[in-house]
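Colleague: Before I use the labels in your annotation, I would like to hear what stands behind each of them. Shall we go through them in turn?

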Amino acid sequence: MSQFWSPLVRTLTPYVPGEQPKVSGLIKLNTNENPYPPSPAVMAAMHAVTADSLRLYPDPDSSQLKQTLAAYHKVKPEEIFVGNGSDEVLAFVFMALLKHDAPLLFPDITYSFYPVYCKLYGIDYDEVALTQQMEISTADYIDRDCGAIIFPNPNAPTGIPLPLSTIENLLIAKPNTLVVVDEAYVDFGGETAMPLTQRYPNLLVVRTFSKSRSLAGLRVGFAVGHKDLIDGMERVKNSFNSYPMDRVAVAGAIASYQDEAYFQKTLSDVITNREQTTQALQKLGFSVLPSSANFVFATHSAFSAEQLAAGLRERAIIVRHFKHPRINQYLRISIGTQEECSKLIEALTQLT
Ligand code: PMP
């Protein structure tokens with residue numbers, strides 16, 4: 001701790017991201033990355049960025065990328081905000097749209113970065129317990145006073161999705177409350193709320209290229225919502241950082257949307273691997289929550305999750321286990337390639 005730190009910095013507990021091992025040969029199933037590489041078209045587009053164009057600053061508005069996203073998702077470019085990964089997009093949501101006089105509501109359990117941002121941006125929060133079945137019950141949010149609501153759909157780390165009709169009912173029941181739906185994993189089997197942005201000005205949908213588009217290393221995310229919400233975020237962004245996306249990232253991101261066949265193929269491969277892995281885990285005695293994401297959340301009544309994770313680590317496989325009191329017996333396993341998933345099951349067969 002330095003004498004030069006501000007009082008805020010003294011109170012912060014930095015977020016610890018999942019392990020990113022430096023050694024190769026490990027099977028990395030701990031941070032929900034895609035096991036398949038990005039489309040060759042993405043790599044070609046990034047290689048095609050010229051030295052001369054890199055000499056110049058990028059388009060401060062990322063208009064080409066916004067147009068590509070708008071056409072694909074059937075919204076207007078002015079209804080889109082882009083940023084360096086959805087964590088950065090969320091930072092702009094917190095700065096521009098969240099209230100300081102009423103708490104933000106989110107599920108207990110959910111993406112652990114939300115409370116970190118609350119602390120950083122001075123936003124109060126309340127956690128709303130999941131049901132016994134580990135589901136989000138939107139009814140539990142309706143009667144509570146709050147400044148805004150945020151949840152992932154499907155939720156993380158459970159993988160359980162909410163139907164669109166439930167989200168729509170929440171938007172109708174709380175027309176004066178901003179509802180942020182974090183769709184980091186929606187492509188793997190959830191229903192997107194993006195079309196609802198055309199009818200509900202209190203909805204903001206946040207997306208990332210890090211999971212279904214295999215581009216966690218590129219840092220691209222975006223939000224879709226009513227123009228007024230986007231204008232608020234742009235106003236903050238333009239007050240200190242008017243170049244959200246670099247030219248290489250823009251080229252790669254646009255190309256990703258131009259190779260739909262590759263996108264659909266990798267999605268369906270991940271989904272197939274998830275279903276096979278779920279069945280194999282169940283055969284080993286695990287109970288596995290019904291996941292619509294690219295990870296599964298599994299627990300075994302006879303074996304501690306911590307010990308299983310340690311046993312897997314000894315066998316060069318990295319997964320996550322949780323210390324949170326409600327879920328400390330759960331493993332969260334990101335879905336790998338078919339070969340990686342088979343090795344995982346082989347290792348767990350030895351350990352159980
Ligand atoms: N939301 C959720 C629910 C996530 O799990 C993650 C990644 N772990 C993110 C947002 C952030 O993803 P990124 O910043 O890579 O877009």
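Colleague: Where is Asn 32 found?

Modeller: Asn 32 is in the loop between strand S1 (27-28) and H2. Helices (H or I, at least four residues) and strands (E, at least two) are DSSP runs, numbered from the N terminus. Residues are numbered from 1 along each chain as its sequence is written. The model is predicted: local features need pLDDT of at least 70 and side-chain atom pairs count only at pLDDT 80 or more, while totals for chains, interfaces and linings use all residues.

Colleague: Which residues of H2 and H10 meet?

Modeller: On the H2 side they are Ala 41, Val 42, Ala 45 and Met 46; on the H10 side, Val 248, Ala 251, Gly 252, Ile 254, Ala 255, Ser 256 and Gln 258. Contact is judged on C-beta atoms, placed from the backbone, that lie within 7 Å. Eight of these residues are nonpolar, three polar and none charged. Ala, Val, Leu, Ile, Met, Phe, Trp, Tyr, Cys and Pro count as nonpolar, Asp, Glu, Lys and Arg as charged, and the others, Gly among them, as polar.

Colleague: What makes H4 parallel or antiparallel to H10?

Modeller: Helix H4 (residues 63-73) packs on H10 at about 20°, with the axes 9 Å apart. That value therefore puts H4 roughly parallel to H10. H4 passes H10 in a left-handed crossing. Gln 64, Leu 65, Thr 68 and Tyr 72 of H4 meet Val 250, Ala 253, Ile 254 and Tyr 257 of H10, a set of six nonpolar, two polar and no charged residues.

Colleague: How do the axes of H5 and H6 cross?

Modeller: The axes of helix H5 (residues 86-97) and helix H6 (residues 113-121) come within 10 Å and cross at roughly 45°. H5 is therefore oblique to H6. The crossing is right-handed. Asp 87, Leu 90, Ala 91, Phe 94 and Met 95 of H5 make the contact with Phe 113, Tyr 117 and Tyr 121 of H6. By class, that contact has seven nonpolar, no polar and one charged residues.

Colleague: Why are S2 and S4 placed at the edges of their sheet?

Modeller: The open sheet has seven strands in the order S2-S8-S7-S6-S5-S3-S4, with mixed pairing. Strand S2 (80-83) and strand S4 (125-129) each have a single partner strand, so one side of each lacks a neighbour in the sheet. The twist averages 20° from one strand to the next. Two strands pair if DSSP finds at least two bridges between them. Strand S3 (residues 104-108) and strand S5 (residues 148-152) run parallel and are joined by two bridges; Leu 105 has Ile 149 as its bridge partner in S5.

Colleague: Which strands does helix H9 lie across?

Modeller: Helix H9 (residues 227-240) lies across S2, strand S7 (203-208) and strand S8 (221-225), at about 35° to S2.

Colleague: What is the order of the four-stranded open sheet?

Modeller: S9-S10-S13-S12, with antiparallel pairing. Strand S9 (286-288) and strand S12 (320-321) are the edge strands, each pairing on one side only. Three bridges join S9 to strand S10 (residues 295-300), and Phe 286 stands opposite His 300 in S10.

Conventions. Axes are lines fitted to C-alpha atoms, for helices over the stretch in contact, and angles run from 0 to 180 degrees between N-to-C directions. Angles under 35 degrees count as roughly parallel, over 145 as roughly antiparallel, 65 to 115 as roughly perpendicular and the rest as oblique. A crossing is left-handed if the near helix is turned anticlockwise from the far one by less than a right angle, and right-handed if clockwise. Two residues are in contact if their C-beta atoms, placed from the backbone, lie within 7 Å.
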